[in-house]
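Please look over the sequence and the structure shown here before reading on. The notes after it are arranged by topic.

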Amino acid sequence: MTAPKSPGFIHLRVHSAYSLLEGALPVKALGKLAKADGQPAVALTDRNNLFGALEFSETLGDDGVQPIVGCTLAVSFPSADNRNGAQQRIGSQNTGLKGSLALLAKDAAGYANLVRLTSKAFLYHAEGGDPHVSLGDVLAHHEGLICLTGGPEGAIDRLLKEARTDAASAIAATLAATFGDRLYVELQRHGVADSRTTEAALVDIAYAQGLPLVASNQAFFPKREDFDAHDSLLCISEGRYIAEDDRRRVTPEHYFKSRAEMCALFADVPEALENTVEIARRCAFRPTSRAPILPRFTGEGADALMAEAQELRRQATEGLELRLREGRLAAGKTVEDYQARLQFELDVIINMRFPGYFLIVADFIGWAKRQGIPVGPGRGSGAGSVVAWALSITDLDPLRFGLLFERFLNPERVSMPDFDIDFCQDRRDEVIQYVVDKYGKDRVAQIITFGKLQARAVLRDVGRVLQIPYGQVDRLCKLVPNNPAKQITLADAIAGEPKLQEARDAEPVVAQLLEIGLKLEGLYRHASTHAAGVVIGDRPLVDLVPLYRDPRSEMLVTQFNMKWVEPAGLVKFDFLGLKTLTVLAKAEELIRGSGTVIDLSKVELDDPATYELMSKGDTVGVFQLESTGMRESLRKLKPDRFDDIIAMVSLYRPGPMANIDPYINRKYGLEEPDYLHPLIEPILKETYGIIIYQEQVMQI
């Protein structure tokens, strides 16, 4: 049996779009490129971060390409001048030069160390927004990592450019003493003069110390012809102009080369090519999605889940008794109906192992209410839970409004429960701080989010670096439709706007602007913090995900965004800041100051004067009823019951808006309701035959 043919070359230094404003390779595009060239494996080494690690791992795994997770990490080296024969002291002192090392996770221990190193770069060494670690940090967390010397950006190459061969050799020896056979001397050939002059010295160091060579190609963009667009991206990043000469540049060779191209480029150093394959074979680990890990509310141990189940049953049962004592039953419902619904929901929640989630949410909402912090009555599918109502997570009686629990939590479609919880905008941070204090500073974090170069933004950014007059760029941007509900792509805007096509065909600079804009659109521009999402772990979060720090906040932030933080095993809680609650609290305070006592939670929903105000469209400042279009719809509707308001809020969105006029006409008898079939008439009667709510779809 003949041995399988070697793939010849594996990419070990690829920068995705998560190398912000530097990499122009979206993860999905990277998988397709690798697959198209028959590449069996690819390593991702974004700069100083693991933002895309899980997405890359799962996406390339689905594409049948082996993902190797790594990082191009900025490292601060101690003063490394050995010309006088002095013994170098390698520690955490950041007294010398900075250079990059490329670190690849060989196994689970290596990935865990990579997580810790990238977290440390942001949390402890990001002075002035410059994340890095010390060489001492790297040496302390070396287990399971394969180390590449970093190419032209590495400390060894930089010292060789300065003819400091002894210092370069000393660093190589220090790395070799720790990494052993996991250290590779990296060769890159991008046509840069400095690299050509240092390559011979690099090879000499490798041979003198018995270190293996490895060929790499720092890939920042898909194809050679994408170089100009990528050059514009670097200018956007650094606030420079294309016409400037004294700025950072890469070369047209920094694209995602094929295996054949790399094999031809390094044909004279075959061992450097074969070592790329050897490294890929040594890397036998990738991060994968995992089940959600909830912190224990009632303590640790084998019986913790049972204790939580008992505690949830106790709190929910007592809470329902209190609710029914203080309020009235829904029309046609009995106490037994409420109790049966509560027991059904409790059984589902406990069987799905989510009692802790409900207890955690009820705890911080209860704390907020005890501190006098305004909390929203509840919205979204969570309002359909009697358990949530009994725990005072929500203040809406689901039976009164015909809300279904199955829309929130369904054993047939297992997903994490997710309450949308509104807090007074001015005091939301107090609630988050309570959670941090309760569960531990190292176990609570906000969630990162990435701003993108959208159609208009990319035109403005590229227009600036091309030095196109602002007025001209502004006119072009205004030809791109602006729809916050559904962002239009630049390609669609050009296809649908003749004036953009005319400008493109008439002026070469506009054609260049649009061509570059099309290539850069959708790339990540910057990182920030999600407005509402918070995760709580059952252990220090660095044991589960890499961490980031937003310069504007002291809280930890996950390096994975909203889409990938939950597959990583973390449970998300939404702490939404709502200015309407702040306004209501202030209004309540002012009314009390005049001597009138008011409790907004007990205001009835059948006040004629309120409906008269709404019928006039006087709803500026009223949550979800304040837009010009909504006020016009209210004037036509003339609501006289709360159900009308619910229906209008549900209809006033793209798609369902077409049913606003039929709803109004049917309400006033100008049009006959169409129930489609007698069996579903009872379900659609309250909305005049129009399917408005997801509950109605589920009932049908």
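What follows is a briefing on charged side-chain pairs and on one residue inside a helix.

The structure is a predicted model, and a search of the whole of it finds 53 salt bridges.

**Salt bridges within helices**

- In helix H11, which spans residues 304-326, Arg314 and Glu318 are four residues apart and are thus separated by about one helical turn, and their side chains meet in a salt bridge with an N to O distance of 3.1 Å.
- Both partners of this pair have intermediate accessibility: Arg314 is partly exposed with a relative accessible area of 38%, and Glu318 counts as partly exposed at 43%.
- In helix H24, made up of residues 628-637, Glu632 and Arg635 lie three residues apart, about one turn of the helix, and the closest N and O atoms of their salt bridge are 3.3 Å apart.
- Glu632 counts as partly exposed at 39% relative accessibility, and Arg635 likewise counts as partly exposed, at 31%.

**A salt bridge between sequence neighbours**

- The side chains of Lys106 and Asp107 meet in a salt bridge, with an N to O distance of 3.6 Å.
- Lys106 has a relative accessible area of 21% and is partly exposed; because buried means under 20%, the value of 21% does not place Lys106 in the buried class.
- Asp107 is also partly exposed, its relative accessible area being 26%.

**A salt-bridge network**

- Beyond these pairs, the residues Asp640, Arg641, Asp643, Asp644 and Lys667 are linked to one another in a network of salt bridges.

**Val361 and its surroundings**

- When residues up to four places away in sequence are not counted, Val361 touches Ile393, Phe419, Ile421 and Phe573.
- Val361 and Asp418 are 57 residues apart in sequence, while their C-alpha atoms are 10.0 Å apart in space.

Technical notes. Residues numbered from 1 in each chain as written. Predicted model: local features only at pLDDT ≥ 70, side-chain atom pairs only at ≥ 80, totals over all residues. Heavy atoms only, no water. Salt bridge = Lys/Arg side-chain N within 4 Å of Asp/Glu carboxyl O. Buried < 20%, exposed > 50% of the residue type's maximum accessible area, 1.4 Å probe, protein only. Helix = DSSP H or I, 4+ residues; strand = E, 2+ residues; numbered from the N terminus. Contact = heavy atoms within 4.5 Å.
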